[in-house]
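Q: Hi! Could you help me go through the charged pairs in this one?

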Amino acid sequence: MKTNNLKSLDGGTINSAINENVNDSTRVMNQVDNNIEKTEMRTEDMQPDKNGNDKNGQTAETQVLTPGNNHMEKGEAEYHFPTVEELLRRERKDILSLRRLPYTDIDYATYNWSVTQGCLKLSPGCRHCYAEVIAGNQSKRSDTRRFKDGFKPGFNEGLLYTPLHDTRKGIVFVSPLGDFGHADITDEQRRAAIEVIQADKTKVFLILTKRPETLVRLFENIPVPSNCLLGVSVESEAYLSRMDTLRKIASDNLVVSFAPLLGGMKDINFDRFVWVLIEGEATRPMDNARMVRTEWIQSIIEQAESAPIPPAIYVKQLGNNVDGVVKSKAQHGYLVKGVSYRQYPQVIRTILKNTDEELEKMNMQQKKDKEMKKERSTTKKTTTAGTGAEALSHVIPLSKVVKEGAKKGKVNNLYGTWVVEGEVTVIAGDTNAGKSSVTYQMGLDAASGKNPLGFPAPTKPVVDEVVYIDTELSITQLGQRFGGITISDRMKYIDATA
């Protein structure tokens with residue numbers, strides 16, 4: 001059996017991962033053989049008698065699988081999907097891996113998972129690719145890791161297992177800065193990502209591609225996880241065939257993204273598509289954005305609503321150029337003739353146990369949190385003096401600092417003016433000057449509310465716990481030095497001498 005190597009961030013091959021893949025393939029083939037044998041043995045049992053019943057008393061009709069996701073759930077049971085524990089045992093220890101998914105700027109999703117990145121332009125919708133711009137900007141930075149080769153497609157093994165370490169629920173947009181279906185990504189790499197998706201049932205994963213034929217080939221050999229939505233991007237009527245290609249996959253959780261919408265469309269077949277995403281083009285400068293007509297968006301909405309099984313509709317944004325009027329995307333907004341279309345498919349509402357309103361509020365709130373964090377980071381850089389050239393880049397009038405600081409309100413002193421909430425206090429001094437004794441005593445004071453050192457301190461504990469981490473003194477040495485001191489249970493110790 002031929003296998004392709006998984007590539008690490010530095011371009012190296014992963015022999016251990018190859019061996020795991022070979023072992024997985026062997027297990028899968030053995031499972032298939034067993035299933036064939038079981039099927040052959042059941043064939044005779046399933047032959048109905050003259051009354052139409054099998055040997056278990058069931059009619060032949062009850063043995064037919066009903067359409068929908070039943071066939072996928074059955075496939076998930078037959079295919080050997082690794083458990084979370086099995087997957088994490090494969091994680092390479094020599095690669096720095098993220099442990100938390102970053103928030104996304106995409107309104108209908110919660111997090112980004114850049115397990116793959118990079119792409120090559122394929123059709124008119126790619127002309128003003130936002131991902132390529134981001135990659136180009138980051139590739140110019142001296143500290144960049146991911147985009148050192150620009151927008152060249154690649155697989156990020158350091159991010160492969162991140163969802164399994166992140167226990168938060170939400171909607172995960174897969175490969176926002178690339179195409180998961182690009183030919184430079186191997187099927188073995190894609191399969192590794194699908195196995196992670198199947199294992200993480202706390203989240204819903206959305207994959208969008210302009211290359212649906214790649215997904216069709218991939219899912220001939222592996223079932224589609226029930227928490228995975230597969231989608232295609234369609235910018236104009238000339239590319240509606242991508243929806244037909246995607247429909248070849250045995251999944252009822254299909255998605256179409258009309259983004260950027262560049263023309264009107266007729267006779268759209270929404271069979272088995274549960275979610276319709278719509279957005280006009282947004283570019284920088286915004287004068288470059290190609291026009292979207294409101295009537296094109298309205299037509300897609302009407303066709304979706306009149307489908308035999310209407311899909312959920314989500315209009316993300318109207319873009320910069322709406323009916324020939326160029327404004328910021330924020331000014332144009334996302335209302336279509338005054339109506340908001342921010343719907344989520346039933347599969348997402350069921351898995352995450354949220355309504356449309358709750359999902360929208362969750363996604364929007366996390367984006368607000370991200371903006372607030374960014375703003376705090378910018379403020380901190382502006383008001384903190386560094387050294388040398390760095391300090392010069394942040395020099396601002398002291399009067400402005402004082403004025404801004406006065407607006408912040410009262411600070412929470414944990415130990416007089418020595419230890420303040422939200423700050424790091426560093427105590428320096430010569431050897432044997434008493435640094436350890438002073439900091440140890442301050443920890444005791446904060447934990448107990450006592451103040452034997454005489455510094456201004458709260459009269460009662462203001463913290464739940466004080467964690468004391470010692471990288472120098474052993475437990476024996478601490479016992480000898482501080483054995484006669486009464487210590488509050490709020491004081492916790494971590495031995496870091498190793």
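Q: Which residue forms a salt bridge with Asp356?
A: Asp356 pairs with Arg349, and their closest N and O atoms are 3.4 Å apart. A salt bridge here is a side-chain nitrogen of Lys or Arg within 4 Å of a carboxyl oxygen of Asp or Glu. Keep in mind that this is a predicted model: local features need pLDDT of at least 70, side-chain atom pairs count only at pLDDT 80 or more, and totals for chains, interfaces and linings use all residues. Residues are numbered from 1 along each chain as its sequence is written, and side-chain values use heavy atoms, leaving out hydrogens and water.

Q: Okay, and is Asp356 buried or exposed?
A: Asp356 is buried, as its relative accessible area is 18%. Buried means under 20% relative accessible area, exposed over 50%, and partly exposed in between (1.4 Å probe, protein chains only).

Q: What does Lys121 pair with?
A: Lys121 forms a salt bridge with Glu132, with the closest N and O atoms 2.2 Å apart. This pair links distant parts of the chain, 11 residues apart: Lys121 lies in the loop between β2 (116-117) and α4 (130-139), and Glu132 in helix α4. Helices (H or I, at least four residues) and strands (E, at least two) are DSSP runs, numbered from the N terminus.

Q: And Arg290 with Glu281, buried or exposed?
A: Both Arg290 and Glu281 are buried. In their salt bridge, the closest N and O atoms are 2.7 Å apart.
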